[in-house]
Amino acid sequence: MKLDPFILIVTNKRDITVDFVVLEIQKRGLRYFRLNTEDITKYKIRMEDGDPRNLILFSEETCISISQITSAYYRRPAFPLPSLSASPAESAYIKSEWSALLRTIWNALGGRWLNCPFAIQQAEDKPRQLAAARDANFKVPRTLITNDFEEAKSFSKNATLVAKTLRHALLDDGNGLGKVIFTNRIQINESMRLAFSAAPIIFQDEIIKKSDIRVTVVNDDVISVQIHSQEHSDTRTDWRKGARVDLNYSIFDLPDHIETQCVKIVQSLGLRFAAIDLS
């Protein structure tokens, strides 16, 4: 029996981007369920025979069976929040158990994911991304990852560098808010010596850009947009900085061989969907 398409969207309540995805799904008349994972503790579950293929998630308002889901989009989940008042140790235990259940759901959905959550976790490894780019014959700027001041100072050699985070780009204030750490131009000087030992940093030669190119890959389909980031001083190093609403975009035609290289990177990372930034 063929089931009607039923899309699972995994994210959090504050994910504004998914709001637009949901609007498009609604326009197309498709069935979907948005799972904000911080609220997973508000649901009840039933898993007969301990078989994840039989897992059912239900509440007074809804009832979702894993077997109903025909495709799934893993976007930006949050940690489960305990639904009951608990001590710090009890809260940690509750979060851990619900997180384990979520991993069971991720595994149970198998090939129905747009991108498998576990492949996403591996693909978020930035050094691995750089290696994949080189393997796909992209030109990658001179790069050093270090927490050693002398190494970074030697690497700079009076060159203009940019600094990037190795993993997290958000300084969380503990209330779900925080400050985003963008890519920044940096000049290494003696006053930074003590700060360097705190954590590894990615340093790269700065590329003087005419614009940024955001490439979206879905399987073998490639869509490219030119971001006119050099029109504003605050977006020249990182086009996301400033959250400008007047930033101009236009469709961009990539050469065929560059499109092929982009697809190769995405496939090598075990993904079906990815966004790649080129300069």
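Which residues in H1 are buried? They are Val18, Val22 and Ile25, and the views below start from there. This is a predicted model, where local features need pLDDT of at least 70, side-chain atom pairs count only at pLDDT 80 or more, and totals for chains, interfaces and linings use all residues. Residues are numbered from 1 along each chain as its sequence is written, and side-chain values use heavy atoms, with hydrogens and water left out.

**View 1. Helix H1 and its buried side.**
Helix H1 covers residues 16-27; helices here are DSSP runs of H or I with at least four residues, strands are runs of E with at least two, and both are numbered from the N terminus. Val18, Val22 and Ile25 are buried in H1, where buried means under 20% relative accessible area, exposed means over 50%, and partly exposed falls in between (1.4 Å probe, protein chains only). They sit on the same side of H1 because they cover an arc of only 60° around the axis, the arc being that of the directions from the helix axis to the C-beta atoms. As a general point, an α-helix has 3.6 residues a turn, so residues three or four places apart point the same way. The face turned away from the buried side of H1 carries the exposed residues Ile16, Phe20 and Lys27. Strand S1 (6-11) and strand S2 (31-36) are among the elements that cover the buried residues of H1.

**View 2. Ile25, seen close up.**
Ile25 lies in helix H1 and counts as buried at 9% relative accessibility. Not counting residues up to four places away in sequence, Ile25 touches Ile7, Ile9, Leu30 and Tyr32; contact means heavy atoms within 4.5 Å. From Ile25 to Arg76 it's 51 residues in sequence and 18 Å in space, C-alpha to C-alpha.

**View 3. Where H1 starts and what follows it.**
At the start of H1, a side-chain oxygen of Asp15 comes to within 3.2 Å of the backbone nitrogen of Thr17. Just after H1, Gly29 has a positive phi of about 70°.

**View 4. The S3-S4-S5 sheet.**
Three strands form an open sheet in the order S3-S4-S5, with antiparallel pairing. Strand S3 (44-47) and strand S5 (63-65) are the edge strands, each pairing on one side only. Strand S4 (residues 55-58) and S5 pair over 3 bridges; for two strands to pair, DSSP has to find at least two bridges between them. Look for Phe58, which stands opposite Cys63 in S5.

**View 5. Asp49 in its loop.**
Asp49 is placed in the loop between S3 and S4. Asp49 is exposed, with a relative accessible area of 77%, and its phi is near 60°, a positive value in a residue other than glycine. For background, most residues other than glycine have a negative phi.

Asn137 is found in the loop between helix H4 (126-135) and strand S7 (143-146). Asn137 has a positive phi of about 70° although it isn't a glycine, and at 61% relative accessibility Asn137 counts as exposed. Gln261, found in helix H7 (residues 256-268), is buried, with a relative accessible area of 12%. The backbone oxygen of Asn137 lies 3.2 Å from a polar atom of the Gln261 side chain. Leaving aside neighbours within four places in sequence, Gln261 is in contact with Ala136, Asn137 and Phe138.

How values were computed. Expected span 1.5 Å × (residues − 1). Polar contact = N/O pair within 3.5 Å; in protein donor to acceptor, adjacent residues only side chain to side chain.
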